[in-house]
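Please read it alongside the sequence and the model.

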Amino acid sequence: MRLGIIGVGHLAGSLLAGVRRAGWAPDEVLLAPRGHGPELAGRFGHALARDNAEVVAVCDTVLLAVRPAHAMEAVAGLGWRSGQVLISACAGVPSGALAGAVAPARVVRIMPMTAAEFGASPTVVWPDEPAARPFLSAIGTAIPLASEADFETATVSAAVYGWAQELIARAVEWSAAQGLPEATARQLVAQTFAGAARMQAESAAPMRQLLAELVTPGGITEAGLEHLRDAGALEAWDGACAVVLERLRGAT
Ligand SMILES: NC(=O)c1ccc[n+]([C@@H]2O[C@H](COP(=O)([O-])OP(=O)(O)OC[C@H]3O[C@@H](n4cnc5c(N)ncnc54)[C@H](OP(=O)(O)O)[C@@H]3O)[C@@H](O)[C@H]2O)c1
């Protein structure tokens, strides 16, 4: 058995779709029996454990994807062994707390995104544990970080992922209200974000230079950016990032 999952909810459903898409055999994953575990095991042929202790008894690598408040109770007292690895996706739950509950197993923190479903999750990971790599490459691209403080800052991107989708939805709804067919607008706006993302991810030019080249003086991009600035929208974005980081640090 390759990977056990404790906490089979919304996120785990996307991660499972990602590993199946990457060609993992369904029974390479053992699911805990709560949440969507029984349904996904029945539908896709994943193995189903009797309880969390069986997941830990059978699997050397275990993914934890319960809500943060349930993390400690879900992993405590399960008979963890040396050489095992717990991969926690629980936002704001510090490694030290989990390490105490699963000793002598090692703890790795990750922050995946639901685009894992399409093999497209940019997943931050700390520390860079070799045992986690096959799973992280199945769901997208691993981004190793140097410290837990960096991991907390990088976790803000998990919220940015949601805000980007809010921006896409708003732009689509606005376009549809002007009469553009919604399905056309959805593809246009989503692919516009994907195109902008590829420019920033793949171009060798400095980030601000790429943007400056787009903002023709007196042009439409400049007009809209000025409006956003005057309305305080860009500063509000920075503020939202700060709110999330403060929340994550408060949880630790
Ligand atoms: N949602 C995302 O896109 C996302 C992205 C990155 C990280 N995360 C992190 O992933 C975690 C899960 O989020 P989610 O949105 O998937 O939550 P969710 O849909 O509520 O799923 C959590 C699952 O954990 C199960 N569970 C709770 N206590 C358990 C226990 N002691 N043993 C076994 N299973 C237990 C719940 O089962 P019951 O229904 O039986 O209670 C539920 O199915 C969170 O910590 C979050 O920070 C989420």
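**Briefing on the predicted model**

Ser88 counts as buried, at 1% relative accessibility; here buried means under 20% relative accessible area, exposed means over 50%, and partly exposed lies in between (1.4 Å probe, protein chains only). The model is predicted, and local features need pLDDT of at least 70, side-chain atom pairs count only at pLDDT 80 or more, while totals for chains, interfaces and linings use all residues. Residues are numbered from 1 along each chain as its sequence is written, and side-chain values use heavy atoms, with hydrogens and water left out.

**Surroundings of Ser88**

- Ser88 belongs to strand 5, which covers residues 85-88.
- Beyond its neighbours within four places in sequence, Ser88 is in contact with Leu64, Leu98, Val108, Arg109 and Ile110, where contact means heavy atoms within 4.5 Å.

**Overall build**

- The chain holds 11 helices and eight strands; these are DSSP runs, numbered from the N terminus, with helices (H or I) of at least four residues and strands (E) of at least two.
- Of its 252 residues, 33% count as buried.
- A box of roughly 65 × 35 × 30 Å, taken along the principal axes, is filled by the C-alpha atoms of the chain.
- Among contacts between residues at least 6 apart in sequence, 51% join residues at least 24 apart.

- The domain assignment gives domain 1 (3-145) and domain 2 (156-251), with bounds that come from an automatic or database domain assignment.
- The centres of domain 1 and domain 2, taken over C-alpha atoms, are separated by 31 Å.
- Seven residues of domain 1 are in contact with five residues of domain 2.
- About 460 Å² is buried between domain 1 and domain 2, and carbon and sulfur atoms give 71% of this area; buried area is the accessible area (1.4 Å probe) that two parts lose on being put together, summed over both.
- Zero salt bridges are found by the rule across the interface of domain 1 and domain 2; a salt bridge is a side-chain nitrogen of Lys or Arg within 4 Å of a carboxyl oxygen of Asp or Glu.
- On the side of domain 1 that touches domain 2 there are five nonpolar, two polar and no charged residues; Ala, Val, Leu, Ile, Met, Phe, Trp, Tyr, Cys and Pro count as nonpolar, Asp, Glu, Lys and Arg as charged, and the others, Gly among them, as polar.

**Salt bridges**

- The rule counts 10 salt bridges.
- One of them pairs the side chains of Arg106 and Glu129, at 2.9 Å from N to O.
- Arg106 lies in strand 6 (residues 106-111) and Glu129 in the loop between strand 7 (121-126) and helix 6 (133-139), so this pair ties together parts 23 residues apart in sequence.
- Arg106 is partly exposed, with a relative accessible area of 39%, whereas Glu129 counts as buried at 11%.
- Arg109 forms a salt bridge with Glu152, with the closest N and O atoms 3.1 Å apart.
- Because Arg109 lies in strand 6 and Glu152 in helix 7 (residues 148-177), the pair ties together parts 43 residues apart in sequence.
- Both Arg109 and Glu152 are buried.
- Arg170 and Glu166 also meet in a salt bridge through their side chains (3.3 Å, N to O).
- Arg170 and Glu166 are four residues apart in helix 7, so about one helical turn separates them.
- Arg170 is exposed, with a relative accessible area of 53%, and Glu166 is partly exposed, at 42%.
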